[in-house]
Amino acid sequence: MAEKLDRWTLMTPALLTLLCSMGFLMTPATAIWLTIPNTGTKCVSEEIQSNVVVLADYYVVHDALDVNHDQPHLPTISARVTSPYGNNLHHLENVTQGQFAFTTTESGNYLACFWMDGKSPEASSFSVSLDWRTGIAAKDWESVARKEKIEGVELELRKLEGIVDSIRENLVYLKNRDEGSKRKNERKSRLV
């Protein structure tokens with residue numbers, strides 16, 4: 001027993017280093033910028049499994065000045081977020097910024113689309129900044145730390161544990177999806 005404990009003691013720093021490295025590699029991007037055309041729609045999608053928290057903030061970024069006011073004129077946009085089965089999860093019109101939050105109920109591609117409202121100047125070029133967070137990245141770690149009275153290394157270990165759990169859940173989801181596809185292909189090949 002003492003020999004096993006000594007091995008664990010020796011392996012702990014190596015495991016912590018590995019988990020920290022995984023955490024830095026798995027950190028999602030915080031925001032993307034979309035260039036919105038004068039006509040048409042720009043969409044982004046992400047494949048998400050069910051029971052995952054999704055949070056997002058978006059706002060119009062515009063660097064052209066209004067000739068009359070020497071102030072940046074922010075064009076208004078419309079935004080719509082839909083589930084894989086086409087259910088509306090978020091819809092706003094004539095806004096320069098917005099946010100949405102939901103917990104997924106279906107597995108599949110969630111789609112966020114943005115388009116310029118007709119009231120915006122024709123010649124303007126602008127972008128939309130979208131900060132889309134899912135799963136462990138959407139968790140409010142400051143609240144967790146206050147509630148559970150943890151800080152420093154213990155908080156970082158809790159974050160890493162969440163990342164590991166998220167990776168495991170994603171691997172199980174992908175494995176099940178792959179098995180479903182294999183069964184479907186086997187049924188098709190039997191019919192042919």
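## Burial and surface

Of the 192 residues in the chain, 28% are buried (under 20% relative accessible area, with a 1.4 Å probe and protein chains only; exposed is over 50%, partly exposed in between). This is a predicted model: local features need pLDDT of at least 70, side-chain atom pairs count only at pLDDT 80 or more, and totals for chains, interfaces and linings use all residues. Residues are numbered from 1 along each chain as its sequence is written, and side-chain values use heavy atoms, with hydrogens and water left out.

The chain exposes about 13300 Å². Carbon and sulfur atoms supply 55% of that area. Accessible areas come from the Shrake-Rupley method with a 1.4 Å probe; for residues, only the protein chains shown count as cover.

## Fold order

The chain has three helices and eight strands. These are DSSP runs, numbered from the N terminus: helices are H or I with at least four residues, strands E with at least two. Along the sequence the pattern reads α-β-β-β-β-β-β-β-β-α-α.

Take contacts (heavy atoms within 4.5 Å) between residues at least 6 apart in sequence. Of these, 71% join residues at least 24 apart.

## Two asparagines with positive phi

Asn 51 sits in the loop between β2 (41-48) and β3 (53-61). Its phi is near 65 degrees, a positive value in a residue other than glycine. Asn 51 is exposed, because its relative accessibility is 65%.

Asn 94 lies within strand β5 (residues 88-95). Asn 94 is not a glycine either, yet its phi is positive, at about 55 degrees. With a relative accessible area of 39%, Asn 94 is partly exposed.
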